[in-house]
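I opened my notebook today to look around a protein model, one question at a time.

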Amino acid sequence: MIEVPCAVCGKPIQGLSVNSTPAARLTCSESCHERFVNFLIFKYGPCKKIGRVRTGETFRVPLRDIIEHGVKEQELDKYPKWEEKDGNSN
Ligand SMILES: [Zn+2]
């Protein structure tokens, strides 16, 4: 059995399986997950600039979506385009 500590409180995460999402491998509970997401949003900003290599387009993707689901290239179209005038919050 694998034991991975929670990124927020350090307790071992229970019930991990090969089907666990990447986000589920990081924290032990829903409340730790919320704290973790809020910490990353505070640190890195609410959105991240994700580029599509093939076309050079960039999209404004919420950090929460990246953490909780991961974002595939074919899903980028549902996000708004990143306009340079918005600046780069990174
Ligand atoms: Zn925890």
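**Entry 1: a rule for exposure.** I began with a definition: a residue is buried if 20 or more other C-beta atoms lie within 10 Å of its own, exposed if 12 or fewer, and partly exposed in between, with C-beta atoms placed from the backbone. I also noted that this is a predicted model, where local features need pLDDT of at least 70, side-chain atom pairs count only at pLDDT 80 or more, and totals for chains, interfaces and linings use all residues. Residues are numbered from 1 along each chain as its sequence is written.

**Entry 2: confidence.** I looked up pLDDT, the predictor's confidence in each residue, from 0 to 100. The protein chain has a mean pLDDT of 88, and 92% of its residues reach 70 or more. I kept a caution beside this: where pLDDT is low, the predicted coordinates should not be read in detail. For the elements, I used helices (H or I, at least four residues) and strands (E, at least two) as DSSP runs, numbered from the N terminus. Among the elements, β2 has the highest mean pLDDT (96) and helix α2 (residues 63-68) the lowest (92).

**Entry 3: two domains.** I found the chain divided into domain 1 (1-44) and domain 2 (45-83), with bounds that come from an automatic or database domain assignment. Their centres, taken over C-alpha atoms, are separated by 22 Å. Counting a contact when two C-beta atoms, placed from the backbone, lie within 7 Å, I saw six residues of domain 1 in contact with eight residues of domain 2.

**Entry 4: helix α1.** Helix α1 covers residues 30-44, which is 15 residues. From first C-alpha to last it reaches 21 Å, close to the 21 Å expected at 1.5 Å a residue; the expected span is 1.5 Å times one less than the number of residues. Just after α1, Gly45 takes a positive phi of about 95°.

Entry 5: Which strand does β1 pair with, and in what sense? Strand β1 (residues 47-51) pairs with strand β2 (residues 58-62) in the antiparallel sense, over five bridges; strands pair if DSSP finds at least two bridges between them. I traced two positions across: Gly51 has Thr58 as its bridge partner in β2, and Ile50 stands opposite Phe59. The hairpin has six residues between the strands, and Gly56 takes a positive phi near 80° there.

**Entry 6: Arg52.** I stopped at Arg52, in the loop between β1 and β2. Why does Arg52 count as partly exposed? It does so because it has 13 C-beta neighbours inside 10 Å. Leaving out residues up to four places away in sequence, Arg52 touches Glu57, Glu73 and Leu76.

Entry 7: For Gly70 and Ala23, 47 residues apart, the C-alpha separation is 8.9 Å.

**Entry 8: before α1.** My last stop was Leu16, in the segment before α1. Leu16 is partly exposed, with 15 other C-beta atoms within 10 Å. The C-alpha atoms of Leu16 and His33 are separated by 15 Å, at 17 residues apart along the chain.
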